[in-house]
Amino acid sequence: MKKVALNIGAALLLIGIAMYILGVFMFNSAQIEINKYASTKGAQYISQSDQATLDSAKVARDYSKYIQIFGAVLAIVGLVFIGYGRVGVEYDKLPVTMLCPRCEYEMRTDRRYCPKCGLKIVKQNITQKL
Ligand SMILES: [Zn+2]
């Protein structure tokens, strides 16, 4: 489950970054196209096909913003997945339970006394006895 979260997170992060970069490139190329017409004097004489190109460049520029935002959101979601996965993996490394040497009661490893028989838990003694 944690490994799956890590993999999904890494995939989302990569896709998100790729989408963001794609959005930036799309924005820049659309902006260059728009600037080309803006710098031409007498824009009222712009031909119909040029007007269509300019309009589609403006649409592309607008969409590229959404692509950038979507990519950034995907990357952040990916980071959340990675964070969740990493915390889970670290948590799994902790030994969860141990057995009381006297009464065999199963308890958490951070216990200092056995909750059942009251035996004081000394970690070194346990490992030596086991
Ligand atoms: Zn005990």
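Let's start with Val-24, which is found in helix H1. Helices here are DSSP runs of H or I with at least four residues, strands are runs of E with at least two, and both are numbered from the N terminus. Val-24 is partly exposed, because 14 other C-beta atoms lie within 10 Å. The cut-offs, for C-beta atoms placed from the backbone, are these: 20 or more others within 10 Å makes a residue buried, 12 or fewer makes it exposed, and in between is partly exposed. Along the chain Val-24 is 43 residues from Ile-67, yet their C-alpha atoms are separated by 8.6 Å.

Before I go on, a word on what you're looking at. This is a predicted model, where local features need pLDDT of at least 70, side-chain atom pairs count only at pLDDT 80 or more, and totals for chains, interfaces and linings use all residues. Residues are numbered from 1 along each chain as its sequence is written.

Now the overall layout. The chain has three helices and two strands, and from the N terminus on they run α-α-β-β-α. There are 130 residues, and 8% of them count as buried. As for contacts, two residues are in contact if their C-beta atoms, placed from the backbone, lie within 7 Å. Take the contacts in the chain with a separation of 6 or more: residues 24 or more positions apart account for 63% of them.

So how do helices H1 and H2 meet? Their axes come within 6 Å and cross at roughly 160 degrees, with H1 covering residues 2–38 and H2 covering residues 48–93. H1 is therefore roughly antiparallel to H2. For the record, axes are lines fitted to C-alpha atoms, for helices over the stretch in contact, and angles run from 0 to 180 degrees between N-to-C directions. Angles under 35 degrees count as roughly parallel, over 145 as roughly antiparallel, 65 to 115 as roughly perpendicular, and the rest as oblique.

The crossing of H1 and H2 is left-handed, meaning that the near helix is turned anticlockwise from the far one by less than a right angle; clockwise would be right-handed. The contact between H1 and H2 has 31 nonpolar, eleven polar and eight charged residues. In that count Ala, Val, Leu, Ile, Met, Phe, Trp, Tyr, Cys and Pro are nonpolar, Asp, Glu, Lys and Arg are charged, and the others, Gly among them, are polar.

Let me take the two helices in turn. H1 has 37 residues, which at 1.5 Å a residue should span 54 Å, and its end C-alpha atoms are 52 Å apart, in agreement. The expected span is 1.5 Å times one less than the number of residues. H2 has 46 residues and reaches 67 Å from its first C-alpha to its last, close to the expected 68 Å.

Which residues of H1 are buried? They are Gly-9, Leu-12, Gly-16 and Gly-23, and the buried residues of H1 pack against H2. In H2 the buried ones are Ser-64, Gly-71, Leu-74, Ala-75, Gly-78, Phe-81 and Gly-85, and they pack against H1. An α-helix has 3.6 residues a turn, so residues three or four places apart point the same way.

Ala-75 counts as buried because 20 other C-beta atoms lie within 10 Å. Beyond its neighbours within four places in sequence, Ala-75 is in contact with Leu-13, Gly-16, Ile-17 and Tyr-20. Its C-alpha is also 9.2 Å from that of Ala-18, 57 residues away along the chain.

Phe-25 is in helix H1 and is exposed, with 12 other C-beta atoms within 10 Å. Phe-25 and Arg-61 are 36 residues apart in sequence and 9.9 Å apart in space, C-alpha to C-alpha. Ile-32, also in helix H1, is exposed with 10 other C-beta atoms within 10 Å. From Ile-32 to Ala-57 is 25 residues in sequence and 9.0 Å in space, C-alpha to C-alpha.

Last stop: Glu-104, in the loop between strand E1 (97–99) and strand E2 (106–108). Most residues other than glycine have a negative phi. Phi of Glu-104, though, is near 65 degrees, a positive value. Is Glu-104 buried or exposed? Glu-104 counts as exposed, because it has 10 C-beta neighbours inside 10 Å.
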